[in-house]
Amino acid sequence: MHFSLRSALAIYQREMSRAFRTAFQSILSPVLTTSLYFVVFGSVIGARMEPVGGVPYGAFIIPGLLMLTLLGETTSNASFGIYMPRFTGTIYELLSAPVGVAETLAGFVGAAATKGLILAAIILATATFFVDYEIRYPLLAVFYIMLVAASFALFGFILGIWADSFEKLGIIPVLILTPLTFLGGTFYSIRDLPTPWDAVALANPIAFLVSGLRYSFYGTSDVPIAVSLGLTIGFLAVCTITITVIFRTGWRLRE
Amino acid sequence: MSEPILSIRGLTKTYRGGNRALDKVDLDIRSGEIFALLGPNGAGKTTLIGAVCGLVRPTGGTITAFGQDLSRDWRKARARIGLVPQELATDMFETVWRAVSYSRGLFGHPRDPARIEDILRSLSLWDKKDAQIRALSGGMKRRVLIAKALAHEPELLFLDEPTAGVDVELRKGMWDQIAALKQRGVTIILTTHYIEEAEQMADRVGIIRGGRILMVDEKRAMMERLGTTEAVIDLASRLTSVPEALAGFGLELAEGGTRLIYRGGNGEGQGRAEVAALTQALTRAGVGFTSLDIHDSSLEDIFVGLLGTEQEAA
């Protein structure tokens, strides 16, 4: 299979420079939002809360809040990255260039995932100002965050190709990702829910993501880490296959 | 003749909804020429370009560029093709320099600031290199798109309506720039509905309408074959018939016998020579005339005439 590193790098660098050009919106605003969560739920309310599974409440919510920002920002970043060229017509250049699905993904998805990682690092650094926490398995945490960032960058890319209006572009992160993350055990342990709500909560795939990340932080989780990892890798695979099919058929890209 | 740089056979495109934009198009483009694709709006010009450049998926037919089948060796072929689209679509917040450098990288070429500088200078964009594209005038934006298309040094360049919405002064400048590209050995295919543009620039002209190529020929040959000279002679006094001495000129008597009309020639000077001979014959025959108006048919007349007959035939 042919792969042009130069082409991929060109796309990647341009996407990154686009992010820095809009640094306030793409980095500062999610960091500010997450900081507010830490202040309200971590420091103020968290101080009156019981520890969850031996973890102080302020620390307990960090993986969930991180996941909330990571999912939302990575998805919208990647979806805007491909939707805007479609909307303005600049996509002609990409379509006429000697680049295939591999370079396109490496560029767009790589950049969106990188932005997700930068964001995650900034949020974790910010959190140290409000709550005390330690990461038990740092390597696993980094790997898991990268995995999630890559998966949702791919997901966002599909969203950006599917959407034919700004409304559709915004609808998935706001109406699906955010509620599912809130209900996916960001602020509580699913095991503490009364029956049958604990079982219902497990129908929410994002609960597995939050649980997986929390395991890498504190060694406790609602579901086994292997299940979380497997599910995330499976999601990554499904998204990759979907995009490959989209490129092969030219759906919404080539008339 | 050497092998064509681009060869299209039986190219067909039917859009969803049944609109047939291209209907079994055959076309060969010669290396180093400027080819003008001429046709009214909706004739299929942009679809044809899109099919070659990868924006449109053909329904049928084959496209061979540089001797390679585009459906298989598209990477190699596309790396050598440049496209300047009709719409002014570009990242408005990017600077000229970055936008053009990005295009070069996207097409897999290593950085080459000297090359980019060359391109920007040749398009009179050098002093705007650090300006955001949104701050440029329409004509400059168009030149930025050309610079982007040239950044990877294509051998075959498509210009889709390069002078649409460009004022007369700038249009002349654009023609000079296109001619300079040809000098550098770039093969150019441009679409236009300004016939004057095709007449000025092109080596060969193709006329497309309703997704079909009606005619492809050397501009000169087309004008020779279809071009005519028309002379309108207002007479000093009324004639009842064309005088015997002038029978060989194929004249028509009009306006109740006060006007003679000559039509003939080949668009390459023969008609004018005949009109000169005609005036002498008029004088010899003692036919006085008060005015003489000679008009060579332009590509535009040919084009309108051709589309007219096609319409009648349809």
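Two strands are taken to pair if DSSP finds at least two bridges between them, and helices (H or I, at least four residues) and strands (E, at least two) are DSSP runs numbered from the N terminus. The model is predicted, with local features needing pLDDT of at least 70 and side-chain atom pairs counting only at pLDDT 80 or more, while totals for chains, interfaces and linings use all residues. Residues are numbered from 1 along each chain as its sequence is written, chains are lettered from A and ligands numbered from 1 in the order in which they are written, and side-chain values use heavy atoms, with hydrogens and water left out.

Strand 11 (residues 229-235) of chain B is joined to the antiparallel strand 14 of chain B by seven bridges, and His295(B) in strand 14 has Glu230(B) opposite.

We turn next to the interior. A nonpolar core is a set of buried Ala, Val, Leu, Ile, Met, Phe, Trp, Tyr and Cys residues joined through side-chain atoms within 4.5 Å, where buried means under 20% relative accessible area, exposed over 50% and partly exposed in between (1.4 Å probe, protein chains only). The largest such core has 73 residues, and Phe158(B) and Leu6(B) are among those with the most contacts inside it. Helix 5 (residues 138-150) of chain B supplies the largest share, six residues. Another core, of 41 residues, lies apart from it and includes Ile27(A) and Tyr218(A).

Aromatic pairs come last. Rings of Phe, Tyr and Trp (its six-membered ring) pair if their centres lie within 6.5 Å, with planes under 30 degrees apart counted as stacked, over 60 as edge-to-face and the rest as tilted. Over all chains there are 20 such pairs. Tyr133(A) and Phe217(A) have ring centres 6.4 Å apart and planes at 20 degrees, so this pair is stacked. Both Tyr133(A) and Phe217(A) are buried.
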